Amino acid sequence: MAELWLGTLKNKKNSAAIILGTGVGGGIIINNQLLQGSHFQSGELSFMVNNYQLKGYDKMVWMSCSSVKMIEQIATALNLPDKKDGLAVFEQLNLKNKLAWDIFRRYCRRVAYLILNVQSVIDLSIYAIGGGISAQSLLIETINQQYDEILLELPLIKKTLTRPEIRTARFENNANLYGALYSLLQQEDYIND
């Protein structure tokens, strides 16, 4: 809601926010309205299946697109002392550590596939990527690169589907706070859409 109100998705009729953290959340905007669904469950991107060959929850988006899990994987591979230290991981990425880059690139590719899957169903103009990891500009740059690589590998998709913008969410990890304020102001009729 924050991104729709004052952020990256403001004045974007059909858009989505994808929040990368322990899981993957989302807010889908259709005709300037948050899509809630019949059971108020729209945007639960974590529960999408993205690898049918795996067993159990490993096939779910929340396992493959969790930024927390990706940080832990890189920290473990590099034998960093703190397996949850995202800053140390991004320091290694900025130093072009090959092992870190291989894991990170695969992670960004999975996020790009997630965006492509959503795009093929609901045709949005822009995706705002949020969560604490979105403060790292390398994330959006690499997701965009991976999306473009996928399109080059699949020319029919490139020819058929319009490529959406993929940008950083303005509120990054604070969107929930601003979104709650927006919702409250709407309920109190301080904001009219």
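Because the model is predicted, local features need pLDDT of at least 70 and side-chain atom pairs count only at pLDDT 80 or more, while totals for chains, interfaces and linings use all residues. Residues are numbered from 1 along each chain as its sequence is written, and side-chain values use heavy atoms, with hydrogens and water left out.

We can begin with the sheet. Helices (H or I, at least four residues) and strands (E, at least two) are DSSP runs, numbered from the N terminus.

S1 (15-20) and S2 (residues 24-30) are antiparallel and share six bridges, one of which places Ala16 with Ile28 as its partner in S2. The hairpin from S1 to S2 runs through three residues. S2 then pairs with S3 (residues 33-34), again antiparallel, over two bridges, and Ile30 is opposite Gln33 in S3. In this second hairpin two residues separate the strands, and Asn31 in the turn has a positive phi of about 55°. The pairing of S1 with S4 is parallel, with five bridges; here Ile19 faces Gly130 in S4.

Contact means heavy atoms within 4.5 Å, and axes are lines fitted to C-alpha atoms, for helices over the stretch in contact, with angles from 0 to 180 degrees between N-to-C directions. The 17 residues of H6 should span 24 Å at 1.5 Å a residue, which agrees with the 25 Å between its end C-alpha atoms; the expected span is 1.5 Å times one less than the number of residues.

The buried residues of H6 include Leu138, Ile143, Tyr147 and Leu151, where buried means under 20% relative accessible area, exposed over 50% and partly exposed in between (1.4 Å probe, protein chains only). Among the elements that cover the buried residues of H6 are helix H4 (86-94), helix H5 (98-122) and helix H7 (155-160).

Gln146 belongs to H6 (residues 137-153) and counts as buried because its relative accessibility is 3%. Its side chain makes a polar contact of 2.9 Å with that of Arg109; such a contact is a pair of N or O atoms within 3.5 Å, and within protein one must be able to donate a hydrogen and the other to accept it, with residues adjacent in sequence counting only if both atoms are side-chain atoms. Leaving aside residues up to four places away in sequence, Gln146 touches Arg105, Cys108, Arg109 and Ala112.

H5 has 25 residues and reaches 36 Å between its first and last C-alpha, close to the 36 Å expected. Asn97 caps its N-terminal end, with a side-chain oxygen 3.0 Å from the backbone nitrogen of Leu99. After H5 comes Asp123, with a positive phi near 50°.

Finally, the cysteines. Taking a disulfide as a pair of cysteine sulfur atoms within 2.5 Å, the count is zero. Cys65 is buried, at 0% relative accessible area, and Cys108 is buried with a value of 0%.

Definitions and conventions:
Two strands pair if DSSP finds at least two bridges between them.
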